[in-house]
Amino acid sequence: MTERILWDCEALVLLAIAVVALPSSIWMLSVPLHWYQVFPWQIPDFGDFNVHFVRDLGSAYLTWSVACIWAALSPSVRFPIVAVTALFFVAHAVVHIFDTLRGHVHTGHFMLDFPSTYLPAILLVWVLYSTWRRRADVA
């Protein structure tokens with residue numbers, strides 16, 4: 001049986017995250033030094049360039065982009081996919097908060113990191129909560 005796609009706010013948020021993360025992941029994987037030097041959120045503030053690390057991050061973002069697309073198109077599996085994806089993004093955000101609070105980077109990173117780090121984590125937690133509530137209402 002073909003699953004009906006729900007074009008709801010959750011799906012649109014997931015697709016928006018994928019649309020932003022997917023090009024960045026391809027950029028990281030294909031030209032990591034260029035991404036490191038040019039990405040607008042001052043990546044060098046966090047440490048020296050490491051081609052392997054940038055490609056690892058690109059692989060993670062590629063995986064999460066595909067996961068967001070899958071979750072958007074498959075409502076029946078949305079909850080577990082978003083749960084794992086949100087875990088990564090929230091953990092990533094916590095690391096950024098920790099590094100900023102301990103003075104590893106300047107406090108301006110709270111604002112610099114918001115669109116690419118904190119906002120996706122917040123949105124994914126909202127999608128997770130919304131999906132959980134919908135599942136609870138059905139049960």
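1. Phe 89 is buried, at a relative accessible area of 2%. Buried here means under 20% relative accessible area, exposed means over 50%, and partly exposed lies in between (1.4 Å probe, protein chains only). This is a predicted model, in which local features need pLDDT of at least 70 and side-chain atom pairs count only at pLDDT 80 or more, while totals for chains, interfaces and linings use all residues. Residues are numbered from 1 along each chain as its sequence is written, and side-chain values use heavy atoms, with hydrogens and water left out.

2. Aromatic pairs. Rings of Phe, Tyr and Trp (its six-membered ring) pair if their centres lie within 6.5 Å; planes under 30 degrees apart count as stacked, over 60 as edge-to-face and the rest as tilted. The count comes to 9 aromatic pairs. In one of them, the ring centres of Phe 39 and Trp 41 are 4.8 Å apart and the planes meet at 50°, so this pair is tilted. Phe 88 and Phe 89 make an edge-to-face pair, with 5.3 Å centre to centre and 85° between the planes.

3. Phe 39 is buried, with a relative accessible area of 14%. Trp 41 is partly exposed, at 23%. Both belong to a cluster: ring pairs link Trp 27, Trp 35, Phe 39 and Trp 41.

4. Helices (H or I, at least four residues) and strands (E, at least two) are DSSP runs, numbered from the N terminus. In soluble globular proteins, nonpolar side chains tend to be buried together.

5. Trp 35. Leaving out residues up to four places away in sequence, Trp 35 touches Ser 24, Trp 27, Met 28, Ile 43, Val 54 and Leu 57. Contact means heavy atoms within 4.5 Å.

6. Salt bridges. The term covers a side-chain nitrogen of Lys or Arg within 4 Å of a carboxyl oxygen of Asp or Glu. There are 5 salt bridges. Asp 8 bridges to Arg 134, with the closest N and O atoms 3.1 Å apart. Asp 8 lies in the segment before H1 and Arg 134 in helix H6, so the pair ties together parts that are 126 residues apart in sequence. Asp 8 is buried at 17%; Arg 134 is partly exposed at 36%.

7. Arg 78 and Glu 10 have their closest N and O atoms 2.7 Å apart. Arg 78 sits in helix H4 and Glu 10 in helix H1, so this pair ties together parts that are 68 residues apart in sequence. Arg 78 and Glu 10 are buried. A network of salt bridges links Asp 8, Glu 10, Arg 78 and Arg 134.

8. Asp 99. This residue lies in helix H4 and counts as buried, at 13% relative accessibility. Asp 99 forms a salt bridge with Arg 102, the closest N and O atoms being 2.9 Å apart. Beyond its neighbours within four places in sequence, Asp 99 is in contact with Phe 46, His 104 and Val 105.
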